[in-house]
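Dear colleague,

I am passing on the structure we spoke about, followed by some notes on what was found in it. Please read the notes with the model open beside you.

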Amino acid sequence: MNTKKFSLESFIHSLPQEEKYQLDRLVVPKVYNMNDRLVQVGELDNEIFYVVKGGLRKYSLMDHREITLDFFFEDEVVFPKNSHPESHTDYFLEAIEETQIYQISLVNFNRVKDISPQISQLEIKVLELAHEQALNRLEEFQSLNATERYLKLFERSPKIIKNVKLKHIASYLGINNASLSKIRAGLK
């Protein structure tokens with residue numbers, strides 16, 4: 001069984017020179033400071049984000065409360081919910097620390113992949129990665145208790161405790177702040 005984690009960056013580096021050139025023309029490297037928003041509710045949902053370094057928090061507002069939907073860390077992808085380039089977001093995406101990303105327009109990516117089988121393969125890998133991330137999170141919520149989910153999140157990114165407000169972690173875990181405090185106290 002292959003236990004080595006797939007790396008999108010490694011896959012891109014293995015592309016033929018012409019495809020790398022085509023991709024380099026589309027990819028926009030960016031750096032965001034903590035609390036900078038990359039996406040706001042109502043904007044077009046047509047960007048792909050690849051986290052090179054740092055972390056992002058995806059959240060929505062429900063009854064005037066922020067509900068953390070997901071976190072994205074190094075070598076993870078934030079893909080639009082819908083592949084239709086005219087759909088709009090129903091979430092916010094913000095940096096939880098200084099974060100370096102690669103950003104690519106879905107429209108531009110679609111143009112290039114239609115003429116390149118290798119870049120079309122890259123799309124498959126990106127979708128597989130996004131699908132795996134979503135399935136892992138769903139499986140965690142269905143099969144793990146809050147303490148186990150906390151430990152899994154900590155395993156994904158040990159520095160999350162320093163960089164993310166505890167209320168956002170509690171929201172992500174589906175518990176309140178008091179329950180998170182009990183979990184953390186029980187682990188010490």
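The second largest pocket has a lining of 19 residues, and those nearest its centre are Lys58, Phe79, Lys81, Ala130 and Ala134. Strand 4, strand 5, strand 6 and helix 4 (117-143) each give two or more residues to that lining, with helix 4 supplying the largest share, seven residues. The space in this pocket comes to about 430 Å³. A pocket here is an open set of points on a 1 Å grid over the protein atoms alone, where a 1.4 Å probe fits, with protein on both sides within 12 Å along at least five of seven lines, and lining residues have an atom within 4 Å of a point.

This is a predicted model, in which local features need pLDDT of at least 70 and side-chain atom pairs count only at pLDDT 80 or more, while totals for chains, interfaces and linings use all residues. Residues are numbered from 1 along each chain as its sequence is written, and side-chain values use heavy atoms, without hydrogens or water.

Two backbone angles also deserve a look. His64, in the loop between strand 4 (55-62) and strand 5 (65-73), has a positive phi near 65°, and His64 is exposed (over 50% relative accessible area) at 84%. Asp75, in the loop between strand 5 and strand 6 (77-78), likewise has a positive phi, about 70°, without being a glycine, but Asp75 is buried (under 20%) at 11% relative accessibility.

Best wishes

Terms used: Helix = DSSP H or I, 4+ residues; strand = E, 2+ residues; numbered from the N terminus. Buried < 20%, exposed > 50% of the residue type's maximum accessible area, 1.4 Å probe, protein only. Points joined across faces, edges and corners; volume = space filled by probe spheres on them.
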